[in-house]
Amino acid sequence: MPLTKHLVFLKKYKQTSVHEYEDSNILNELANLKKVYVSEQDEVNSKFICCLESMFRIQYSYKQVWEKLRKKSFYEAWCTLEQCEIGLKRLLKHKTEIFEEFGFSQIFSSVLKLQSLYPYRYFLSPEILEKKVRCNICGNIVSMRNHCGHIVGEIYNGEYCYRIVEDLEFLGISLVQEPVQKYSVAFSSDTKTGNKIDQFDYQLLEYLLDYIKTDFESWDVIKTTKKFSIEYFKEIDGNDKCPCGSDKIFKECCSSKNELEIQHYEFLFDRVPETCNPYTLLDLNGKKYKNV
Ligand SMILES: [Zn+2]
Ligand SMILES: [Zn+2]
């Protein structure tokens, strides 16, 4: 069966490098194979190949995420993580048992964990009024009252169904915490040049990157809160952000308390890291205080 080679490729995702994904002709080969199935009106196999194409893209993007993280290109890695997440969610209801052998669940949980270590909390979300929307499957214009019958996210003739917005009215931008898509992080900008400034602190990711050597090493993070004596926060300036994460300044928040309850991340690794100080107290202002 001509598919065997492709299944083998997808199964050895852990050992495959980013360059092997780029050099492989697998997407072209799958597309050609799909054409044959579509022409034979074989819905089951066309759909299966569409899912394999998605899985290939997910694996490849996930590898790219780690490449970008290692280069400390955190925002670029974030955007690629978002592509992974979109791909995984789209594939979720179509995947079969065999997709576990391609790392579906492992990649999914890792994507969510990595996202949780990012400091991004607010996103710019455009409000748009869609005026003319086309279905990619049948090519018809669709609206609430005039539905073509194709459902977004379903697979028809080996293609995911989506909508193409051909005309829209831009209503405005709002600042949100749960965006539809996560690309538009609210960065600051230089008032003179207008250039983007990355004001974020990626120390949780950096902490992880110090220990993780390969893309598929197992790790976990548990997010809790932990109380620390106020003694540990003596060096904080009253006008600095409060370490409790409230977004208020220290003197107007927790400075008079005896104890501070702060976010606490516990990292779990499969192997004992070579050098490790498990109780480094990391603060929100990018400084390390002192070891607890
Ligand atoms: Zn349609
Ligand atoms: Zn506080």
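Trainee: Where in the chain is Asp 247 placed?

Mentor: Asp 247 belongs to the loop between strand S8 (219-229) and strand S9 (259-269). Helices (H or I, at least four residues) and strands (E, at least two) are DSSP runs, numbered from the N terminus. This is a predicted model, in which local features need pLDDT of at least 70 and side-chain atom pairs count only at pLDDT 80 or more, while totals for chains, interfaces and linings use all residues. Residues are numbered from 1 along each chain as its sequence is written, and chains are lettered from A and ligands numbered from 1 in the order in which they are written.

Trainee: What is the phi of Asp 247, and is the residue buried or exposed?

Mentor: Its phi is near 75 degrees, a positive value in a residue other than glycine. A residue is buried if 20 or more other C-beta atoms lie within 10 Å of its own, exposed if 12 or fewer, and partly exposed in between, with C-beta atoms placed from the backbone. Asp 247 has 10 such neighbours and therefore counts as exposed.

Trainee: Where is Gln 41, and what is its phi?

Mentor: Gln 41 is in the loop between helix H3 (26-39) and H4, and its phi is near 55 degrees, positive in a residue other than glycine. Gln 41 counts as exposed because it has 8 C-beta neighbours inside 10 Å.

Trainee: What is the strand order in the open sheet of three strands?

Mentor: Strands of a sheet pair through backbone hydrogen bonds, either parallel or antiparallel. Two strands count as paired if DSSP finds at least two bridges between them. Here the order is S2-S1-S5, with antiparallel pairing. Strand S2 (141-142) and strand S5 (163-176) are at the edges with a single partner strand each, so one side of each has no neighbour in the sheet.

Trainee: How many bridges join S1 and S5?

Mentor: Strand S1 (residues 123-135) and S5 pair over twelve bridges in the antiparallel sense. Phe 123 has Val 176 of S5 as its bridge partner, and Ser 125 stands opposite Ser 174 in S5.

Trainee: How many residues of S5 are buried?

Mentor: Of its 14 residues, zero are buried, so S5 lies largely in the open.
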